Amino acid sequence: MKENNKKLNMLKNQPTQGWITKRGQIIPTWKKRWFIYKDGILAYYSKKDGQIKGQLLISDCLVTLLNDTNNLGFAITIPGRTMRCKCETINERNKWVAVL
């Protein structure tokens, strides 16, 4: 158990980045975004090396798995907002959920 906690803490302390598809807040369509998690902040961009589209302070969030058809979705909830996301693989989804 201690070994798993150690691995999780190491994962959370390293920058994590990759493509996640998120549902728009104003226009509810699915859009692929480049996400970077670093130092407790999750930022997302319309493309790699693009301008920032938004960011969330992760210490204020709750991450839950979504019951979608292929188990690739998760939600990030902060006060006043829920961001629905999905990854291309279960391993990717599990990685992001563990980091957040």
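**Exercise 1.** State where K95 and E92 lie and what joins their side chains.

*Solution.* K95 and E92 both belong to helix α2, three residues apart, about one turn of the helix. Helices here are DSSP runs of H or I with at least four residues, strands are runs of E with at least two, and both are numbered from the N terminus. The model is predicted: local features need pLDDT of at least 70 and side-chain atom pairs pLDDT 80 or more, while totals for chains, interfaces and linings use all residues. Residues are numbered from 1 along each chain as its sequence is written, and side-chain values use heavy atoms, leaving out hydrogens and water.

Next, the side chains of K95 and E92 meet in a salt bridge, N to O 3.5 Å; the term asks for a side-chain nitrogen of Lys or Arg within 4 Å of a carboxyl oxygen of Asp or Glu.

**Exercise 2.** Find the salt bridge that K32 forms, and say which parts the pair ties together.

*Solution.* The partner of K32 is E88, with the closest N and O atoms 3.0 Å apart. K32 sits in strand β2 and E88 in the loop between β7 (81-86) and α2, so the pair ties together parts 56 residues apart in sequence.

**Exercise 3.** Which residues of α2 are buried, and how are they placed around the axis?

*Solution.* Buried means under 20% relative accessible area, exposed over 50%, partly exposed in between (1.4 Å probe, protein chains only). R93, W96 and V99 are the buried residues of α2. Their arc, taken from the directions from the helix axis to the C-beta atoms, covers only 135 degrees, which puts them on the same side of α2.
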